[in-house]
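Hi,

Here is the structure I promised to pass on. Have a look at it first, and my notes on what turned up follow below.

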Amino acid sequence: MTQPETAPVLSFEDFKAEVLNDYKLAVTSRECSLLGRREVLTGKAKFGIFGDGKEVPQIAMAKAFRNGDFRSGYYRDQTFMMAIGQLTPQQFFAGLYGNTDLDQEPMSAGRQMGGHFATHSLNPDGSWKNLTVQKNSSSDISPTAGQMPRLLGLAQASKIYRNVQDIKDATNFSIYGNEIAWGTIGNASTSEGLFFETINAAGVLQVPMVMSVWDDEYGISVHAKYQTTKENISEILKGFQRDEDNKGFEVIRVNGWDYAELITTYEKAAKIAREEHVPVLIHVIQLTQPQGHSTSGSHERYKNAERLQWEAEFDCNVKMREWILSYNLIQKDALDEIEEAIRKEVLEAKKAAWKAYLDPILSEQKELVSFLNATAAASSNKVFVEKLASELSEIKEPIRKDILVTARKALRLLISEENLRGGLANWIKSYSEKTQQRFSSNLHSDSNSNISSITEIKPVYNDASEETDARLVLRDNFDVLLTKYPNTLIFGEDSGNIGDVNQGLEGMQEKYGEFRVSDAGIREATILGQGIGMAMRGLRPIAEIQYLDYLLYAIQIMSDDLATLQYRTKGRQKAPLIIRTRGHRLEGIWHSGSPMGMIINAIRGIHVLVPRNMTKAAGFYNALLQSDEPALLIECLNGYRLKEKMPSNLGEFTTPIGKVETIREGSDITVVSYGSTLRIIEQAAKELSQAGIECEIIDAQSLLPFDLDHDIVKSVAKTNRLIVIDEDVPGGASAYILQQILEEQDAYSYLDSKPQTLAAKAHRPAYGTDGDYFSKPSVEDVYETIYGMMHESNPKKFPPLF
């Protein structure tokens, strides 16, 4: 266990000025917490979770934090954000109120509850800022320990920038890899598997990461004795301590109320991480939580009198105040005056934040009241319309829901007065569209590099193009991409030394080195986290999950972090990560899954691409590396040894995202599918053709987004019949596809027969060829289902099979 060094000696004047400024900040943050709780209890704010009790260690951490560094933290780090100049008291309260104006509430424009912090990595047009000249915080998420995988990637980016040459625009993201990724977490959340997985991976990778554990001995209301072995996370992580013979962590323990010791500790930790690229764990103990876990409950309910008394005495702000007075840095009366002035400043900040939040809504309220009164004057329902307007005007602190509810109720009163109804209907549509954008924009990139900007380029073949194993198309295309994009990295289980389990990266590590094509441990969540963090720092990682079924280990990270990143920062952060995996048809429960319905409904915000062959897959990689959006790409597990022609324009051709492809023309029925199932459908279509049934087969190619040009409905208009076939469970992706075609494209109006889906059985696929045959759609299943649909429409021409 490493012990912190003695605090440095400062000149008295410098010492005094620094300490007093730090104490003012601690008091300011505490006052925000105290007043914030009251705002929740009055109903102006919906929920509060605050950083009281953690002020002093966060100030110490901020002193060691430099331009270019990144934070990946805990939702109690408000003092730290204030200390690095990225959060004002007024912005703090704007977050509590959920102000949707990004200028007023720069953390998330009201999309996250208070306590979730972020800085802006992007300009308004989606282009990168120079991250080395600012202090950076990756956007927080609520799921405990969910910030840990991303932290690993933010730290690893520094290692890549230090060791990989010729990365374009690297100086906008790193200065020789000197940046530290600073993590914070509550002691109870160290019980999460994501914490241990990340700590282990950081020790293996030896990345510049400083991990602070804020330890107040509780997790919500549950004491540490129910959370952590020995009730002490640094004690049980002693085995990670580095020594002369073994790499590992530097592990430090420090009291959270000791201002001088904290500053020394964080300076030492920063020096180790920044210069040596060694991870550091700082266990900050003896902290308090004066208001309890959140505004949902009081800590008096679960802490005994002795503990409450101890917390009152060892509150970090109280101890710092005592320390200041013991050094005679200022007289008590003067300190009292400073504290009182801060209380008034915070109160004024709160009032300003509430006014900034409420004024635009009051203006919108006034606009509708005026509109309704003018409309009422010409309406036969004048009394009732005026009553609605009066009720709305009497609401002193309205929300936008109040305004729209009133307008929509008034519309019902005008249903028989077309000349009046039209005007109000237009007002409602305009207001709804404008207001909805406050809550729904930026799920995907709006920049000039989003997927819609990518032009389709088809594969080119010439006389020299030979049939080859499909894996070689991927391999040779990756070779071109790694040369073309020096900031591209590929990593995952078996990705490095052996060139991935299916040899799609054969020879790439030998050619490009271990930093760019690398193996990773069996730890899917942190493989994703590596990708997210590195993508947030300007690299273009391709994170490989060996099989689609194993993606479930990482689905929480994908869903809660990556998929929401652009949305929860209103377009001010991005992570254009490509997730590579393989799945669909093989033989067995754990290597042939197609849980697409679960995936697409969990990760809205990430594109989901399902190419039917490796040329299509390569085209997707080529397109994605031109864009700035994240995507999951699922290669067909049984397609690597099938034969495909080698294109001559490797690295250049692109598969369009969100576009379908008709791979067989037909007149009797439209068949929609994707991935490996298409080969089965193509065989069935040949056999159905012999029976006089011509299938039009459409490859969806991507599920998110899906058929942006609405080409499928054009096919249905021709065939008047529709079937969706895939190997997910019933009601999975096939149900989603059917909903898109029937509801989004209005294909129902062209149907002469009931649309159908054909999926796998409800269970996982059993092992072996027979297991596959009796678990997933077969050629015979496809044939008989489609034949049955044709029999229903023309029983004379197509007599029953059974």
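Tyrosine 783 and tyrosine 787 are both buried (buried means under 20% relative accessible area, exposed over 50%, partly exposed in between, with a 1.4 Å probe and protein chains only). The two sit four residues apart in helix H26 (residues 779-793), about one turn of the helix; helices here are DSSP runs of H or I with at least four residues, strands are E runs of at least two, and both are numbered from the N terminus.

Before I go on: this is a predicted model, where local features need pLDDT of at least 70, side-chain atom pairs count only at pLDDT 80 or more, and totals for chains, interfaces and linings use all residues. Residues are numbered from 1 along each chain as its sequence is written, and side-chain values use heavy atoms, leaving out hydrogens and water.

Now helix H12 (residues 382-393). Val385, Leu388, Ala389 and Leu392 are its buried residues. Looking down the axis of H12, these fall within an arc of 95°, so they line one face of the helix (the arc is that of the directions from the helix axis to the C-beta atoms). They pack against helix H11 (332-376) and helix H13 (400-413), with contact meaning heavy atoms within 4.5 Å.

Threonine 228 counts as buried because its relative accessibility is 12%. Leaving aside residues up to four places away in sequence, threonine 228 touches Asn187, Thr190, Ser191, Ile233 and Ile236.

Cheers
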